[in-house]
Structure formats: structure tokens, C-alpha cells
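Me: I have a structure open and would like to go through parts of it. Can you help me read it?

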Amino acid sequence: MKFSAKLTLLSFGIFLVSSLIIVYFVYTTNIKALEEQIKDTLEEHAFHTMDTIDRMLFERYIDIKAFAADPVISSKKSTQKQIAQRLAAYQNQHKIYASLSFFDLNRIRIADTSGKNIGKQHSFTEYWPDIAKGKDFVMLAIESEFLKQPVFYFASIVKDKNGTPFGVVVSRIPVGKLYEITERVTSIHEFKEKSVGIDLVNKDGLLLYSNHHKGILKDISPDWKAVKKFISMGQKMGSVRHSYLGEEEISTFVRQQGYQDFKGDDWILIMCVPTKVAFALAIELRNKLAIILSVICSLVLFIVVFFSRRISRPIARLRDAALKIGKGNLDTKIEIASKDEIGELGKSFNKMAQDLKESHEQLTVYSNELEKKVEVRTDELMREKAKKEAQEQLFEKQKAQSITLLAGGIAHDFNNILTAVLGNAELLKMKLPQDNKIQDMIDTIINLSKRMGDLVRQLLAYAKGGKYQPRVVFLNNFIRETLSITSVGQYRKIEVVSDLSEDLWPVFADHTQMVQVMVNLFTNAFEATAEKGGQLTVHTSNVKDKDAWECSLKRRHPRGDYVYVSVSDTGHGISPEIQRSQL
């Protein structure tokens with residue numbers, strides 16, 4: 001950069017800094033003087049406002065004391081109607097009250113200007129705990145259980161002519177009534193309209209009234225933290241400047257002094273005004289100075305811009321060239337004629353671009369070679385995988401053929417043996433007398449041989465690649481046949497109960513498979529009850545138009561007609577471990 005440009009920028013910087021110092025000095029001097037004036041004004045208004053509130057509370061204190069001494073109210077002979085009429089008349093004379101009530105010492109509401117909850121007991125809340133402690137007069141601000149809004153309570157003990165307490169009279173004033181008192185100071189002529197915020201808090205900072213915050217009787221005043229340390233030091237009135245929600249404000253507080261014999265409850269009135277409102281005049285002066293300074297700076301800035309453009313043009317070319325290289329144009333070069341540092345930077349940039357181009361070309365060559373190698377290796381792996389899969393399929397096919405041949409051979413041999421057994425058993429049955437005891441055993445041999453023949457036929461069907469042969473069958477016949485086969489030997493001592501429906505529908509099923517299912521069920525049941533004896537119960541019935549359902553094998557079955565078969569026994573059952581692992 002040339003010396004003239006540097007001198008211009010340096011002159012502009014000195015001018016700008018000097019101007020800002022002058023503006024800041026004028027502004028801060030005015031702010032300090034104005035701040036003291038504003039604090040004095042706020043403290044004066046806060047004092048008079050708190051005094052007005054004390055006077056209002058004192059009047060209510062006098063009212064409730066006078067009302068408690070009223071002849072009608074303080075007479076035990078007064079009827080509920082007379083008390084209610086006196087309450088209504090007193091409320092008409094003093095419109096400030098939201099409601100008036102009379103309670104006996106058991107908290108029973110005797111009369112109320114609203115006419116509600118008469119005869120009901122008030123909860124032990126609000127002013128009642130203080131009454132129970134023996135206080136003759138209670139004043140507090142709280143959310144009214146009866147009116148459902150924040151109110152000031154004034155409660156006084158009612159005594160008869162002998163001085164014996166027998167009741168409590170209560171008046172309620174909405175907290176919003178304080179708005180009429182505070183409205184006169186919310187528009188102090190020094191500030192903008194409605195700019196002064198007012199909070200009335202108790203000694204713990206709880207909001208009793210506010211014209212600009214919500215959460216009355218629920219939240220702590222946002223300004224309490226700023227004034228609390230001054231109150232704890234014993235100050236009765238003061239001001240502080242602080243920040244709230246990122247905005248500066250001036251807060252003034254004054255403590256309750258009471259009025260005559262009304263001592264108050266140590267409440268604090270807090271008045272606050274935003275500094276942007278309080279310092280409006282000073283801010284206006286600052287803004288005018290800023291405008292003048294802006295005009296002068298604009299002229300100086302014009303000179304600065306002129307010189308900065310001369311400097312920024314080479315840098316802009318460097319930026320554009322870097323963007324092009326980032327998009328892949330590695331042939332980009334820049335021409336900078338200056339011999340200063342920017343010129344040197346341009347030469348270094350061009351060299352970097354050339355190096356990137358050469359590196360990119362080398363990477364491209366390496367990438368192409370790698371892709372070819374990956375393709376060759378991928379083809380080799382695919383061929384090896386296809387060869388291995390073909391070998392595995394051939395092995396499985398050969399193994400299945402071997403098993404089929406073996407099953408067919410065994411089935412033929414076994415069938416020949418069964419034919420001989422069945423033939424000899426039938427011949428033996430023919431030769432023995434009908435009343436011979438061995439006849440039952442021969443029948444069992446014949447039936448079991450026939451069943452084994454069915455199993456052999458299944459094995460032959462599998463060996464020949466065939467399928468099961470379902471047909472119309474009657475389950476009751478299967479059940480009776482199977483029971484006669486399985487209930488032999490040690491199982492005869494087990495009681496068998498057959499509850500078979502006489503009009504059971506036929507089903508479409510494979511004969512051999514159904515016999516095998518029944519044998520398995522009955523054999524398991526007999527084995528479960530064989531040790532101690534017991535009972536086996538078989539039940540069949542028709543189920544018409546059953547809804548769609550899912551069996552234990554997670555298979556869905558459509559809506560329709562079904563035959564129901566139930567097999568139960570009194571044996572020891574299946575252990576949970578086997579159920580979890582097998583079922």
C-alpha cells in the first residue's frame with residue numbers, strides 16, 4: 001500500500017476516535033446530572049404515593065373497627081337477616097368494598113353481602129390463623145378463596161357489651177383499587193405517558209400490587225433484588241440504577257411508615273422507569289451529535305472507500321481464482337502487476353495451482369489402474385462363488401437321492417415282514433375259539449400291524465416323491481380305535497371318559513396322520529397319569545361359524561365351521577422349562 005493511502009486511513013481513524021470521545025464525554029456528563037434529578041423526582045412521588053396508600057389503609061382500619069362495634073353487629077340477639085341487612089347497608093355507603101361477611105368463632109359464615117356460602121365453614125386459611133392467635137385486627141393481601149381474585153382483607157373481632165368475643169367481621173377490597181391511587185403518578189410529566197411502573201410488595205418482596213407485572217401474590221417483584229440490600233441496611237427511602245431483562249432502569253423504593261395509630265405491615269413501594277425514557281433528552285442530544293458525526297464520517301468514508309478499492313481488486317481476483325480451482329478448473333491463473341506483498345501472493349497462488357494440477361493428473365492415473373484391478377478381482381470372486389454354490393447343490397441332490405433310495409428299500413422289506421405278521425395273526429385268530437382270552441391280544445396285534453402298514457405306505461410315498469392322501473373321515477371312529485390300541489397293559493387302571501358328540505361333522509384329513517396324532521396325544525396322557533393313576537377325558541363337538549383365529553404355530557385360519565377335539569388328563573403336566581424350550 002502506498003504511503004498516501006496509509007496516511008488517509010490513519011487520519012480518518014484519529015478523527016473518528018476523537019469525535020467519539022467528545023460525544024461520549026458530553027453524553028455521560030448530561031446523563032449523570034439528569035439521573036440525580038430523576039431520582040429526586042421519583043423519591044418525592046414515591047413518598048407521597050405511599051403516604052396516600054397508608055391513609056387509605058388507615059381509613060379501612062377505622063371502618064372495620066367502627067363496623068365491629070356497630071350495635072346490630074355487636075349484639076348477640078341480632079338475627080341473621082338483621083346482620084345481612086346491616087352488611088348490605090354498610091356496603092352501599094362504602095363502594096370501595098367488594099364484599100362484607102360476618103362469621104362466628106367456629107368460622108361459620110352467618111351473613112354475607114353476596115348471599116353465598118351462608119352456613120358453610122370457612123377453611124382455616126387467610127386471616128383465620130392470626131385470629132386464632134388472639135389478634136383483634138388482621139390486615140393482609142392474599143388470593144381470596146371466596147372471590148377468586150387478589151384482595152386486601154380487613155378482619156376484626158366482634159365483642160358483645162361485656163367484651164366477650166363471639167364473631168368476626170371481614171371486609172374485602174380488590175387489590176386493583178390501588179390503581180386509582182397510583183394512576184396519578186404513572187404519568188409524571190417529565191416522562192412519557194404511562195412509563196412509570198409501580199410495585200407494592202411485602203417485607204419479603206412478594207408482589208401485592210403491580211401496574212406492569214403479572215403474578216400478583218405469587219411472584220417476587222423483579223426489582224426486589226436491586227433494592228433489597230438497601231432495605232436490609234435500614235434505609236427508608238432510596239434509588240438505584242440496575243438492569244432488568246437486558247434493559248436498564250432506575251428504581252426508587254420507600255418503606256411504609258403507617259398513619260397515626262395504624263402502624264402498617266412494613267410494606268415497600270417500588271417505582272421504576274426505564275433509562276431510555278428517563279434519559280430521553282440526553283439520548284436525543286446524543287443522537288443529534290451522532291447525525292452530525294455521521295455526515296462528516298460519510299465524507300471521510302468516501303475517501304477511504306476510494307483507496308480501499310484499489311487495494312481490494314487484487315484480493316478479489318485471488319478469491320475468484322480460488323473458487324474456480326475449488327470447482328475443478330486447475331488451469332486457472334491470475335495476473336497481478338503490483339510488486340508489493342499482494343504481487344508475491346499472486347505468484348505463490350499460481351505455483352500452487354500448477355502443483356495441484358500435476359497431483360490431480362497422477363491421482364487420476366492411479367485411480368484408473370485401481371478400478372481395473374478391482375474389476376478383475378471381483379470377476380474372479382464371482383466365478384469362485386458360483387462354482388462353490390453349484391457343488392453344494394449337486395451334493396444336496398445326491399444326498400437326497402441316497403436317502404430316498406434307502407427309505408424305499410427299508411419300506412419294502414418292512415412291508416413284507418408286516419404282511420407275514422398280519423397274515424399269521426389273522427390265521428391264529430381263526431383257529432382259536434371266540435371266547436379265548438388271547439383274542440383281545442390278537443386284535444391288538446392286527447390293529448398295530450395295520451397302523452404300521454399305514455406308516456410304511458407313508459414312507460413309500462415319500463420315497464416315490466408322493467404326497468399325503470386326505471379324504472373324508474370321522475374323528476370319533478379314530479378316537480375309539482386309538483383308545484382301544486393304547487389303553488392296554490399298565491394303562492388299564494386309568495379311567496377313560498369319552499364325551500363324543502354323536503352328530504360330529506366329518507372332516508377332510510389324511511387317515512394315517514390323524515391316527516398318529518391321536519396315538520401321540522393318548523400315549524402322552526397315559527404316561528403322565530400311569531404312576532398314580534387318574535383320569536383321561538376326550539371331548540368332541542362342532543363349532544359353527546368360528547371367527548378367524550391364530551393357532552400356536554402362528555398360522556392364521558379363516559372364519560368358518562370347525563370340529564373341536566379336547567384331550568385332558570389329571571397327570572403332572574409339562575414343566576415350564578420344557579414349555580419354553582420345546583413349545
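Me: Is Ile417 buried or exposed?
Reply: Ile417 is exposed, at 51% relative accessible area. Buried means under 20%, exposed over 50%, and partly exposed in between, with a 1.4 Å probe and protein chains only. This is a predicted model, where local features need pLDDT of at least 70, side-chain atom pairs count only at pLDDT 80 or more, and totals for chains, interfaces and linings use all residues. Residues are numbered from 1 along each chain as its sequence is written, and side-chain values use heavy atoms, leaving out hydrogens and water.

Me: Where is Ile417?
Reply: Ile417 is in helix α8; helices are DSSP runs of H or I with at least four residues, strands are runs of E with at least two, and both are numbered from the N terminus.

Me: New topic: the sheet. What is the strand order?
Reply: The order is β12-β14-β17, in an open sheet of 3 strands with mixed pairing. Two strands pair if DSSP finds at least two bridges between them. The edge strands, β12 (495-499) and β17 (560-569), each pair on one side only.

Me: How many bridges join β14 to β17?
Reply: There are 9 bridges between β14 (residues 535-546) and β17, and the two run antiparallel. Val538 stands opposite Val567 in β17.

Me: Which helix lies across these strands?
Reply: Helix α11 (residues 511-529) lies across β12, β14 and β17, at about 25° to β17. Axes are lines fitted to C-alpha atoms, for helices over the stretch in contact (heavy atoms within 4.5 Å), and angles run from 0 to 180 degrees between N-to-C directions.
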